[in-house]
Amino acid sequence: MPSMSADDMSYGYTTDLAAVRAVVYRYAKKAGLPEHRAIDLVLAVSEVAANTVRHAKSPGSLKIWYDTQEIICQIEDEGTIHDPLAGRRKPSMDAMGGHGLWIVRQVCDDVEMRSDETGTTIRLHMKLPRPRPGS
Amino acid sequence: MTAIPVESALWYNKGVDLLRVSVTARESAGEPYTLVEIIGEADVTNTDELRRLLDDEVSKQPRTMIIDLSGLRFMDSSALHALLRANRSLDRQGGVLALVSPQPAVAKILRLTTADRLIPVFASVADAAAG
């Protein structure tokens with residue numbers, strides 16, 4: 001597990017999800033994530049942060065860090081997810097909600113979720129491509 | 001003073017921070033259709049406005065509604081639900097919804113949720129209007 005270092009960032013958000021997405025995209029590219037995976041990570045973080053906007057009554061915070069192996073986005077808020085299997089099943093197309101966490105689990109390489117009455121922490125992992133020999 | 005496109009009987013812009021939506025009444029080979037252009041970024045913070053606007057247009061019972069996504073940089077699942085809702089309502093009243101030219105991030109969520117199998121996606125408005 002990479003730990004945070006000087007190059008890492010921490011970002012608070014309330015409803016400015018476009019700014020959250022811009023930050024994630026910038027760091028994803030900086031970490032060396034290919035374009036289509038950067039798009040996936042932006043989508044995943046935006047869906048998690050959207051849950052903060054929907055359910056939590058206070059701002060959320062985003063931390064991003066990376067090493068040579070992976071980039072991690074950690075989103076924390078004071079909301080509570082009661083269903084431990086949230087997002088593990090694909091909602092039907094008729095369902096008018098519930099796609100968010102399912103999408104997150106589809107696009108990320110790994111998702112860690114911890115939630116209790118004090119709040120929710122979701123950690124999204126994306127593997128970075130191995131540097132080519134000689135580069 | 002707002003410019004009105006020549007092919008349009010109806011036109012308006014709705015600025016919702018990140019999102020701009022314009023609606024135009026058009027015709028293709030004598031068949032009228034409603035063209036909705038969604039520009040910017042659509043997410044949970046502006047879904048209510050998007051849903052209301054699409055509901056309004058659907059309630060006018062167009063036979064064909066085409067949503068041009070070429071100017072939409074991002075769409076989240078709540079905005080997708082607004083599109084799915086419009087599709088379902090149109091379908092129930094015998095109308096058709098088509099999507100045009102999604103950018104990569106938007107194409108991704110359409111593909112992932114298989115919404116692109118429910119709503120046809122075209123490369124251009126002309127293609128969509130030709131059906």
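This is a predicted model: local features need pLDDT of at least 70, side-chain atom pairs count only at pLDDT 80 or more; totals for chains, interfaces and linings use all residues.
Modeller: A residue is buried if 20 or more other C-beta atoms, placed from the backbone, lie within 10 Å of its own, exposed if 12 or fewer, and partly exposed in between. Residues are numbered from 1 along each chain as its sequence is written, while chains are lettered from A and ligands numbered from 1 in the order in which they are written.

Biologist: What average pLDDT does chain B have?

Modeller: In chain B, 87% of the residues score at least 70. Residues 1–16 of chain B fall below 50. The average for chain B is 87.

Biologist: Within what arc do the buried residues of α1(B) fall?

Modeller: Helix α1 of chain B covers residues 47–59. Its buried residues include B:Leu50, B:Leu54 and B:Val58. Seen down the axis, the buried residues line one face of α1(B), because the directions from the axis to their C-beta atoms fall within an arc of 135°.

Biologist: Which residues of α1(B) are exposed on the other side?

Modeller: B:Leu53 and B:Glu57 are among the buried residues of α1(B). On the other side, the exposed ones are B:Asp48, B:Arg52, B:Asp56 and B:Ser59.

Biologist: Which residue takes a positive phi just after α1(B)?

Modeller: Helix α1 of chain B has 13 residues and reaches 18 Å from its first C-alpha to its last. Just after α1(B), a positive phi of about 55° belongs to B:Gln61.

Definitions and conventions
pLDDT is the predictor's confidence in each residue, from 0 to 100. Two residues are in contact if their C-beta atoms, placed from the backbone, lie within 7 Å. Helices (H or I, at least four residues) and strands (E, at least two) are DSSP runs, numbered from the N terminus. The expected span of a helix is 1.5 Å times one less than its number of residues.
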